[in-house]
Amino acid sequence: MSGGASSRRDAGGADSAASAGLVAEVAASIGAFELRARIEVAPGEILAVLGPNGAGKSTLLQAIAGTLLPDSGTVRVGDRELTGRMPGSRAPQHDVPPELRRIGLLGQEPLLFPHLSVLENVAFAARARGERAHGARESAHARLEQFGLADLAQRRPRQLSGGQQQRVALARTLAAEPEVLLLDEPFAALDVQAAAEMRELVARIPAASGIPIVLVTHDPLDAIVLARRSVVLQSGRIAAAGSTAEVLGHPTTPFAAALAGVNLVIGTVDSEGCVVVVEAPVAGGAGGAAGRPDGSSRPNAPFLRLRSTGDGDARVQLGAAASAVFSPGAVHAAPAGDRSPAASAVNAWTGTVAQLRPVPGGVRIGITEFPDLAVDVPSAAAVSLDLATGARLEFTIAAAEVSVRALPAAVLR
């Protein structure tokens, strides 16, 4: 079968379409950790999967690739069922072996064969799927040309830079003509220039092959540049899913807030549509504050009421758990006057400077009363404020700079 074949042979020997969508719904347990997740990726789509370490991202990829058998669930590529395991069922479980799944997996390490040339590394994948030696080398040459690596064809991996090795590894992965591509932090070990070059290559794949791609990453730039949709995994569950603009534009988890570089405040909605936070918060993004979901309070506890002018306010209901998101740089800081904002004040509060840290173009203020909130002020403003730890400041933010959303059920679990 040549590298340009328009159809492929599945595990049972039947021809299948060159590309199809991926649907994976799996439940897997590893010790005390449990993964319960469902994703869908359309042909020619890149889905970004974000989440902190230990959230279950690699476990999800392993279940799709077949290197980990889930306790239950299904993995389908188009009409082909790769995994079919029902809990408590007496029917035979269906698991296509990893080598027959036609799923490509590329991680941080290129894992090239050190004793083979670049050309032979890429040709190896074509040979493994049944091409004869001459045809495999021809298709490998074509792919190296496509990836701008033709002049490196006779070099050994040790003669390449890290970025070049990773590009060769991607070429080899695609030479196997996978029907799904899984990318597990493929840019993490690369320098800025090499990572940018790899992103450009990955961005071309959907149009060239039409295959679905699952991209696991910790870098919001990867999701923003490459993926129209993103999901956030948290403790083995999908805590957020939707367009990348929504997932990172209004994050609902501290991890996503940290990625996006924004403050996340969680509280309850009052009769005026404000997110009310009472007592010191406990989780953080660039901020990442969280208050009591039931709105209960303590005497003299710090108090925040945040409101937005955006359309998101229509989604929240009185007494419901909700989140407010805003940029550290959108907050205005001024010396506190003799009178602090009233407890009922909206988008205004008084706080004590706990710490000062440099950020590009200015200073980041940490606040004693809300230790996970961050306020960034330009250098000139910092000088005029005569900032020092222990100083009392009044903070205000325009409603137009605040985004309010009802909190997804997955976050409340």
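Phe113 is partly exposed, at 27% relative accessible area (partly exposed lies between buried, under 20%, and exposed, over 50%, using a 1.4 Å probe and protein chains only). The model is predicted, so local features need pLDDT of at least 70 and side-chain atom pairs 80 or more, while totals for chains, interfaces and linings use all residues. Numbering runs from 1 along each chain as its sequence is written, and side-chain values use heavy atoms, leaving out hydrogens and water.

**Exercise 1.** Find the ring that pairs with Phe113 and describe the geometry.

*Solution.* 
- Start with the whole structure: a search turns up three aromatic pairs (Phe, Tyr or six-membered Trp rings with centres within 6.5 Å; planes under 30 degrees apart are stacked, over 60 edge-to-face, the rest tilted).
- Phe113 pairs edge-to-face with Phe124, at 4.8 Å between centres and 65 degrees between planes.
- Now place the two: Phe113 is in the loop between β9 and α2, and Phe124, eleven residues apart from it, is in helix α2 (helices are DSSP runs of H or I with at least four residues, strands are E runs with at least two, numbered from the N terminus).
- Look for a charge: the charged end of Arg172 sits over the Phe113 ring, 5.1 Å from its centre (Lys NZ or Arg CZ within 6 Å of the centre and within 35 degrees of the ring normal).

**Exercise 2.** Work out whether α4 is largely enclosed or open.

*Solution.* 
- Get its length: α4 covers residues 162–175, and its 14 residues reach 20 Å from first C-alpha to last, close to the expected 20 Å (1.5 Å times one less than the number of residues).
- Count the buried ones: eleven of the 14 residues are buried, so α4 is largely enclosed by the rest of the structure.
- Pick out some names: Leu170, Arg172 and Leu174 are among the buried residues.
- See what they pack against: β9, α2, α3, β10 and α5.
- Step just past the end of α4, and Glu177 has a positive phi of about 50 degrees.

**Exercise 3.** Trace what Leu170 touches.

*Solution.* 
- Leaving aside residues up to four places away in sequence, Leu170 touches Leu106, Phe147, Leu181, Met198, Leu201, Val202 and Ile205 (contact means heavy atoms within 4.5 Å).
- Zoom out: in the largest nonpolar core, of 48 residues, Leu170 and Leu181 touch the most other members (a core is buried Ala, Val, Leu, Ile, Met, Phe, Trp, Tyr and Cys joined through side-chain atoms within 4.5 Å).
- A second, separate core has 29 residues, including Val269 and Trp349.
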